[in-house]
Amino acid sequence: MADSVFAHVVHAPEDPILGVTVAYNKDSSPVKVNLGVGAYRTEEGKPLVLNVVRRAEQMLVNDTSRVKEYLSITGLADFNKLSAKLIFGADSPAIKENRVTTVQCLSGTGSLRVGAEFLARHYHEHTIYIPQPTWGNHPKIFTLAGLSVKYYRYYDPATRGLDFQGLLDNLMAAPSGAIVLLHACAHNPTGVDPTIDQWEKIRKLMRSKGLLPFFDSAYQGFASGNLDADAQSVRMFVADGGECLAAQSYAKNMGLYGERVGALSIVCKDSNVASKVESQLKMVIRPMYSNPPIHGASIVATILKDRQMYDEWTVELKAMAERIISMRQQLYDAMQARGTPGDWSHIIKQIGMFTFTGLNVEQVLFMTREYHIYMTSDGRISMAGLSSRTVPHLADAMHAAVTRAA
């Protein structure tokens, strides 16, 4: 029998983040803990569907006038309008002046990809600067879209905080007009964010050099528990009248991971430009996936346009954020109680779903082997995967890794 025409295809490596879950699932230990996955878990370690999401879904199911027709290329109009308001603010001048174009995309990844493809076709500078480190998918998304990826310094391993001077130096040295990817809040994987004062300095430098901001907002409301506070960085850049891009995801803040609900907004100089930009975004989307799915976006729109449901959502969102903040405090306290060598205050200073522990590859392997704790090899742990029950086990493992492993 003839060989397959695909016989030459080699096995691709496991995705480093998703591969953690694959390894965890194969482990039969009763004490195993998965801290690799970027999804919220309850105190019992279970996935959570928000009550307000269940209610919105029930309303949609009960509405017999709803049909399954295609959406337009740009997606659900209500969803787009409400998403722009959520990130830019209900009273944003950019929205009032009709100079924002928003298109529904496939969560954060899809929004970034559509934005990147648009820039590769219609923007004069094809270099994008992304933070070092950043989410593992970022470099792949931008490279495949046709942009050239370079890095700017972001994380300082010595302080386990922001390398602010390094960041400014790298952006100052970037060519005029280059695109710069900015995490709107809750930087992934480090959990380290600039202060408002630092954001202002970043904004001034970028505007003086004509650098184009591209925000990735995956955690609005999920970082601090406050939707407005988590959008401050983006709003500062919109308030100065300049142009920027923003990718939004509802995976984390509404728990709609598998529904793939997101939006890409481009803030333009005037409404005429915004209209032309939207027409070209359609040209990117049509041959890619034609139009986005209707269900998840309808859930979001149902919640955002009803004041009572919106308020209910903010309460549930704050509860998720506060559980994660509480896990940080519990882990820090447990490390202090064990007298683990080193300063662990970064655990409570960092924000959002992830903590960059500062543990090295050998220490991570040691914790997996000896304590059945699964995490990415860079030492990133998902605080959402922790519970009061598993904090002592993790603290024991980290203490042992620091005192016994390389």
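Hi everyone, this is a short walk through a few residues and contacts in the structure above.

Two notes before we start. This is a predicted model, in which local features need pLDDT of at least 70 and side-chain atom pairs count only at pLDDT 80 or more, while totals for chains, interfaces and linings use all residues. Residues are numbered from 1 along each chain as its sequence is written, and side-chain values use heavy atoms, with hydrogens and water left out.

Let's begin with D216, which sits in strand β8, residues 212-217. For helices and strands, I mean DSSP runs numbered from the N terminus: H or I for helices, at least four residues, and E for strands, at least two. Is D216 buried or exposed? D216 is buried and yet has no salt bridge. Buried means under 20% relative accessible area, exposed means over 50%, and partly exposed is in between, with a 1.4 Å probe and protein chains only. A salt bridge here is a side-chain nitrogen of Lys or Arg within 4 Å of a carboxyl oxygen of Asp or Glu. For D216, the nearest side chain of opposite charge is K252, 8.6 Å away; Lys and Arg count as positive and Asp and Glu as negative, with His and the chain ends not counted.

What D216 does have is a polar contact, side chain to side chain, with H138 at 2.7 Å. That term covers a pair of N or O atoms within 3.5 Å; within protein, one must be able to donate a hydrogen and the other to accept it, and residues adjacent in sequence count only if both atoms are side-chain atoms. Leaving out residues up to four places away in sequence, D216 also touches others, including L112, H183 and A247, where contact means heavy atoms within 4.5 Å.

Next, salt bridges. How many does a search of the whole structure find? The search finds 15. In general, side chains of opposite charge can pair when their charged atoms come close.

Being four residues apart in α8, K201 and D197 are separated by about one helical turn. R203 pairs with E200, and their closest N and O atoms are 2.7 Å apart; these two lie in α8 as well, three residues apart. R203 counts as buried because its relative accessibility is 14%, whereas E200 is partly exposed at 22%.

Then there is D240, whose side chain meets that of R207 at 2.8 Å, N to O. Salt bridges with shared partners join E200, R203, K204, R207 and D240 into one network.

Finally, some backbone features to look for on screen. The peptide bond from Q132 to P133 is cis, with omega near 0 degrees, and P133 is in the loop between β3 and α6. Another cis bond runs from N188 to P189, with omega near 20 degrees; P189 lies in the loop between β7 and α8.

R260 has a positive phi of about 55 degrees although it is not a glycine, and H372, not a glycine either, has a positive phi of about 60 degrees. You'll find R260 in the loop between β9 and β10, and H372 in the loop between α14 and β12.
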